[in-house]
Amino acid sequence: MTVLRFAGTTLPDGDVGEFFVADGRITLEAVPDADLVATGWIVPGLVDAHCHLGLDDLGAVSRAEAEQQAIMDRDGGALLIRDAGSPLDTSWMQERPELPRLIRCGRHIARTRRYLRNYAHEVEPGELAATVAREAAAGDGWVKLVGDWISRDVGDLMPSFTAEEFALAIATAHEYGAKVTAHCFGEEVLAGLIDAGIDCIEHGTGLTPELIALMVERGTTLVPTVMQLEKFPEYAAAGEARFPAYASTMRRLHASTRQTLMAAYDAGVPLFAGSDGGGVARHGNLAGEVLALAELGLPAAEALGAASWRARAWLGHNPTLTEGDPADFVVYDADPIRDLRVLQAPRVVVLRGRVVYSR
Ligand SMILES: [Zn+2]
């Protein structure tokens, strides 16, 4: 059995020393002949909490393309991915030890003609609960709803379903043992979802101080995908001619993004990093989202924790690297907390105890 040796500073605790990797796991017991693979700053495997594997602008992609997406994410350090909706069944990825660990949400569930084409199961209210039940059974413990989107009839952002319909959907998912998250840009959709016990909100640009207080009370988490919110002015410009009310809503939400998200952070809502890779963003750029969270105002250690140890704990994986833990980690040449740009260039990526990337 090959034993690998790593040395340096291990985050988040800042322990300095060495550890070994044998049989896919961390061990602190010294093995005399173990090869030193790398020395540097060692971070528990990054988590992309909002990513889409098997999806591009036009809808589902081939398995080969989905695999390339997963490898790009992995080589960027993302070793645990919560897939926030994909039209491609990617359950086969679970059998592939060289691909990131994956928590699938199944396919997005949206209102008919009220989401990006070819992405979602598009349903009417009467079919919502049954569709949620199916996706809950097919996924890995999460279901993704499209909470709001432009209604072309109204010409503005609108909740996809009523609060009562959403509440039934959430209760159904919970009955099936699945958690629920929802894409939410605007304010109107949020109170009903949070009140009904939704587990997580994606984007969350419509949050108000009252809704933030409700999230704290209910323990609801938030994955803001800050990089993708920077695209709101583009969406506004694209919709301006036909949907001026929508354009103005998107500009208003964009203008208050920093204030809204920092209010949620300051109030104690747990924030996690999501790149939105494959949705509207490229794969392999989780580092960009950590930088965006820091740019927003999070301290560097909090922004990195939102993409590593805190997110790992949230999703039920080892938050630190201690005796017997699965060996999923990334080695960097310098301290990422001193300069988060270090995250853009991992030295070595170790997944399930194997070096899957190095440069
Ligand atoms: Zn997305």
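Modeller: A residue counts as buried if 20 or more other C-beta atoms lie within 10 Å of its own, and as exposed if 12 or fewer do. The model is a predicted one.

Biologist: Which residues of helix 2 are buried?

Modeller: The cover over the buried residues of helix 2 includes strand 10 (109-111), strand 11 (121-123), strand 12 and helix 3. Under the cut-off of 20 or more C-beta atoms within 10 Å, the buried residues of helix 2 are Leu-128, Thr-131, Val-132, Glu-135 and Ala-136.

Biologist: How far apart are the end C-alpha atoms of helix 2?

Modeller: Helix 2 has 14 residues, and at 1.5 Å a residue they should span 20 Å. The distance found between the end C-alpha atoms agrees with this, so the value is 20 Å.

Biologist: Where do the buried residues of helix 3 lie around its axis, and within what arc?

Modeller: Helix 3 covers residues 163-175, and the buried ones are Phe-166, Ala-169, Ile-170 and Ala-173. Seen down the axis of helix 3, these buried residues line one face, because they fall within an arc of 95°.

Biologist: Which exposed residues does helix 3 carry on the face turned away from its buried side?

Modeller: On the buried side, the cover includes helix 2 (125-138), strand 12 (142-146), strand 15 (179-184) and helix 4 (190-195). The face of helix 3 turned away from that side carries the exposed residues Glu-164 and Glu-175.

Biologist: Is helix 2 roughly parallel or roughly antiparallel to helix 3?

Modeller: Helix 2 and helix 3 pack with their axes 9 Å apart and at an angle of about 20°. Angles under 35 degrees count as roughly parallel, so helix 2 is to helix 3 roughly parallel.

Biologist: What is the handedness of the crossing of helix 2 and helix 3, left-handed or right-handed?

Modeller: On the side of helix 2, the contact is made by Pro-125, Leu-128, Ala-129, Val-132, Ala-133 and Ala-136. Helix 3 contributes Glu-165, Leu-168, Ala-169, Thr-172 and Ala-173. The crossing of helix 2 past helix 3 is right-handed.

Biologist: Is helix 7 roughly parallel or roughly antiparallel to helix 8?

Modeller: Helix 7 (residues 232-239) and helix 8 (residues 244-255) have axes 8 Å apart and pack at an angle of about 165°. Angles over 145 degrees count as roughly antiparallel, so the relation of helix 7 to helix 8 is roughly antiparallel.

Biologist: Which residues of helix 8 meet helix 7?

Modeller: Helix 7 passes helix 8 in a left-handed crossing. From helix 7 come Phe-232, Pro-233, Tyr-235, Ala-236 and Gly-239. In helix 8 they meet Tyr-246, Ala-247, Met-250, Arg-251, Leu-253 and His-254.

Biologist: What is omega for the peptide bond from Leu-11 to Pro-12?

Modeller: Most peptide bonds are trans. Pro-12 sits in the loop between strand 1 (4-10) and strand 2 (15-22). The bond from Leu-11 to Pro-12 is cis, with omega near 5°.

Biologist: Is Arg-113 buried or exposed?

Modeller: Arg-113 lies in the loop between strand 10 and strand 11 and has a positive phi of about 60° although it is not a glycine. It has 11 other C-beta atoms within 10 Å, and therefore counts as exposed.

Biologist: Is His-203 buried or exposed?

Modeller: His-203 is found in strand 16 (residues 200-203), and its phi is positive, near 80°. With 27 C-beta neighbours inside 10 Å, His-203 counts as buried.

Terms used. Residues numbered from 1 in each chain as written. Predicted model: local features only at pLDDT ≥ 70, side-chain atom pairs only at ≥ 80, totals over all residues. Helix = DSSP H or I, 4+ residues; strand = E, 2+ residues; numbered from the N terminus. Expected span 1.5 Å × (residues − 1). Arc of directions from axis to C-beta. Contact = placed C-beta atoms within 7 Å. Axes fitted to C-alpha atoms, helices over the stretch in contact; angles between N-to-C directions. Parallel < 35°, antiparallel > 145°, perpendicular 65-115°, else oblique. Left-handed = near helix turned anticlockwise from the far one by under 90°.
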